[in-house]
Amino acid sequence: MGAYILRRLLLAIPIMLGVALVCFMLVQIAPGDPLVSVLPPDASQELRAQMITAYGFDQPLPAQFMKWLWHAVQGDLGTSIATSRPVFSEVMTAAINSLRLAFLATLIGFFFGCLFGFVAGYFQDTWLDRLASVFSVFGVSVPHYWLGMLLVIVFSTQLYLLPATGGGPVGASGWAWDWAHVQFMILPAITLSVIPTGIIARTVRALVAETLAQEFIVGLRAKGLGESGIFRHVVKNAAPTALAVMGLQLGYLMGGSILVETVFAWPGTGLLLNSAIFQRDLPLLQGTIWVLALFFVVLNLLVDILQTLLDPRIKRA
Amino acid sequence: MCSAFLGFTGRMKTSFALTATIALFSGAVAADTTLRIGMTAGDIPLTFGQPDQGYEGNRFTGIPIYDALIEWDLSQGEKPAALMPGLATRWAVSPDDRTKWTFTLREGVKFHDGTSVNADAIVWNVQKVLDKNARQYAPAQVGNTVSRMPTLRSAEKIDDHTVVLTTSEPDAFLPYNLTNLFIVSPTAWQNDFDAVPASVTDAAERSKQAWSNFASHAVGSGPFKVEKLVPRQQLTLARNPDYWNPSRVPKIDHVVLLPLPEANARTAALLSGQVDWIEAPAPDAIDQIKSRGFKLYANAQPHLWPWQFSFVEGSPWLNKDVRHAANLCLNRAELKEYLGGYMEEATGTYEQGSPWRGNPEFKISYDPDQARALMTRAGYSEATPVKVKVQTSASGSGQMQPLPMNEYIQQSLKQCYFDVELDVTEWNTLFTNWRLGAKDPAANGANAINVSAAVMDPYFGMVRFASSKAFPPVSNNWGYFSDPKMDALITKARNAFDPNEMDAAAAQLHAALVDAAPFLWVAHDVGPRAMSPRIKGVVQPQSWFIDLATMSME
């Protein structure tokens, strides 16, 4: 197992360098002025040229990239042009907020996805299957920013039950797991969870149906094993794949849904990316994308290890 | 849900009863009032003295926290906001050398840290954006400052309460420019500088880190103090009971600023009671907002939404008849109706009531017959319309609703033999193109550009568009408009150091500008904002800014 982890870690290095290069180039070729956040629209071209030099954007691109990479591998992702704050702290604060939200959304998605999937798989071609399928198709196809707005209209502006936007109560400076803070997560987490719910439900349904049709299940039933025992076997067979899908979904959600986080003004990576894109804050944009890619690689690694632990047949070392 | 709601209601009742009991027994102790504002900005505007996020930054983290030498009088909304003394009680240009201005400072003004606002502090603050050798030089603040004070060069202390500012050329507009220079406490910054770890040896890096730290507990001398900054989430300001101006000692205890860039999210936050005030509510929700008892405020802003014409060879706008025809062919009243009433019809850069309006001979109104007659004289007809191409954006700060508005203009001008092509580009790209000018390939063949602009003072409203010295890359005369008469009037206005004389010169300049018509004047924004009826004493001035200090809350 140790050798496997080491091999995967070593493989991650060229991936991260590749991602760094790609995101640097993508950010550079995007249209717009990198100094838009520190120069007002009416600034002259002369002043702009002066600022371009001050921020080092007049250097050749390879030189800019190597300088950025050299600092990045030492944990220094530079300074945001717009806020003058270190990019690393900006990204980590947002990533933790997104992780919190993504974790809750994935849990909701995993719970309801498995529930709908198992129900649909067990009761194939019945009305229960069709109902569960309707829920999962709804989850996959509904535009979640629209759902978010709908939830806000119902639960915030009509019923006054939950806050409409924000990442915490007025006056709070950090996160706490109390109702005053958690209530801000509920609507965005439900909104974000509909996609994993749909995807996990469809995956689990297929897995359950496939497992139930296998000969060993027929054999177990013939031997007189009860339905709860059969259920345990089905769960064990479906778990690794469901877990892999859940891990991937967590990764996608970690990237932050720009739309959902913007609709709810949730201070996560999605909102940060949105802000960085609109302000053409290149160091912040590069740093955020790179850190998110790093999260994704680590998450995939963790899921692979968990899968191996859950299903000894998967030997990868 | 029902039980949750009942629980919620029950808790509300308990809370209300508790509050009432405390109020009953506490006698004269008044409840702490907190005003929560949803801004359009995507982040808290920078707090270290020179805000970003355009004028919304000045509005919420400039004027409340800081003072400037000269400030905007925001106490009325009937006429355009004028200048008033701030940290300086008097200012005058030297009669012998009109590049030197003497400012007499107000005595007894203290920063929030208790140190005095004196001549040293003013010089220090000018150096932070102009003197590259100064320890406190802050490149991140230069862009937003220098472009708004294009002629300021240096500051010199004469005595504790007198400073002399020097400009690169005689410039009567300097007092307006100085409203953008917010004065921070040098002592507070020095404490942050000293606290930077000794391991950071590079002076520029130490300065940068000091500014970054200073932002979280910024110290100015304004009516509000910075209490707590949570980056990207909220900024809490607390009232400064010791503010030097008795009429602006805040009545509200705390102000919390929340960045809510999405219009629907902002509106939902207001409707759900999460905030008390939002900037620029979603236009579709105006009726709902009103029906819930919220108040809507709007007033003309020094803002212009124009088409700026090109005077490059081959441009159809070189013909004055064509320029006048376009201005006469646009039905602004219908456009205003189309925008739900949230615009002011532009018949120039400055309207009636402004001291800079003047008396233009060319009266802009909706007169399609006259417009067609001018177009016929210029050689155009329905069969042979003039082809014009306008570069614009799909969105952007101050652009209001650029696509529907431009499409309306496109249709409106068609009746006067204009064949309008819209070249839509991304907002920041449009800015870049604006700076490059109409001769640059970035213009993409356009002979007009639609970039909205702040027109706070004669320089920003007229000079930068009309002076032959303001051709790209110097400033924003995108279309290379040049008129010796206009240049002479600009020189006259720049040298009119008596305020009345300056108003008269600016009015003359504006009248000449309207007659020459280098723009299609379309609209002025009215800056709509929605507020809870609990907020009292709201004055919506004819300005980009608003004074939080004079408001109260029930």
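How many other C-beta atoms lie within 10 Å of Tyr480(B)?

Analyst: This is a predicted model, and in it Tyr480(B) has 18 other C-beta atoms within 10 Å. A residue is buried at 20 or more such atoms and exposed at 12 or fewer, so Tyr480(B) is classed as partly exposed. Tyr480(B) is not a glycine, and yet its phi is positive, at about 60°. The residue belongs to the loop between helix H15 (458-466) and helix H16 (484-494) of chain B.

Taken along the principal axes, the C-alpha atoms of chain B fill a box of roughly 80 × 70 × 45 Å. Of the 554 residues in chain B, 52% are buried. When contacts in chain B between residues at least 6 apart in sequence are considered, 69% of them join residues at least 24 apart.

Chain B also touches chain A, with 54 residues of chain B in contact with 48 residues of chain A. On the chain B side, helix H14 (residues 427-436) gives the most, with 6 residues, and that side as a whole divides into 25 nonpolar, 19 polar and 10 charged residues.

Ser84(A) lies in the loop between H3 and H4 of chain A, and with 20 other C-beta atoms within 10 Å Ser84(A) is buried, whereas Tyr480(B) is partly exposed.

In the contact between them, 17 residues of domain 1 of chain A meet 14 residues of domain 2 of chain A. Helix H1 (2-29) and helix H3 (61-72) of chain A are the elements that give two or more residues to the domain 1 side, and H1(A) gives the most, with 10 residues. That side of domain 1 holds 13 nonpolar, 2 polar and 2 charged residues.

The unreviewed UniProt entry annotates several stretches of chain A as "transmembrane region", among them residues 101-123 and 287-306. In the model, residues 101-123 of chain A are 96% helix and 0% strand, with end C-alpha atoms 32 Å apart, while residues 287-306 of chain A are 100% helix and 0% strand, with end C-alpha atoms 28 Å apart.

Helix H11 (residues 269-278) of chain A is mostly covered, with 7 of its 10 residues buried; the buried residues include Gly270(A), Leu272(A) and Ala276(A). Their cover includes helix H4 (87-122), helix H10 (258-263) and helix H12 (282-310) of chain A. H11(A) is followed by Arg280(A), whose phi is positive, near 50°.

Definitions and conventions
Residues are numbered from 1 along each chain as its sequence is written. Chains are lettered from A and ligands numbered from 1 in the order in which they are written. This is a predicted model: local features need pLDDT of at least 70, side-chain atom pairs count only at pLDDT 80 or more; totals for chains, interfaces and linings use all residues. Helices (H or I, at least four residues) and strands (E, at least two) are DSSP runs, numbered from the N terminus. Two residues are in contact if their C-beta atoms, placed from the backbone, lie within 7 Å. Ala, Val, Leu, Ile, Met, Phe, Trp, Tyr, Cys and Pro count as nonpolar, Asp, Glu, Lys and Arg as charged, and the others, Gly among them, as polar. UniProt positions are given in the numbering used here, feature names are shortened, and annotations may be inferred rather than shown by experiment.
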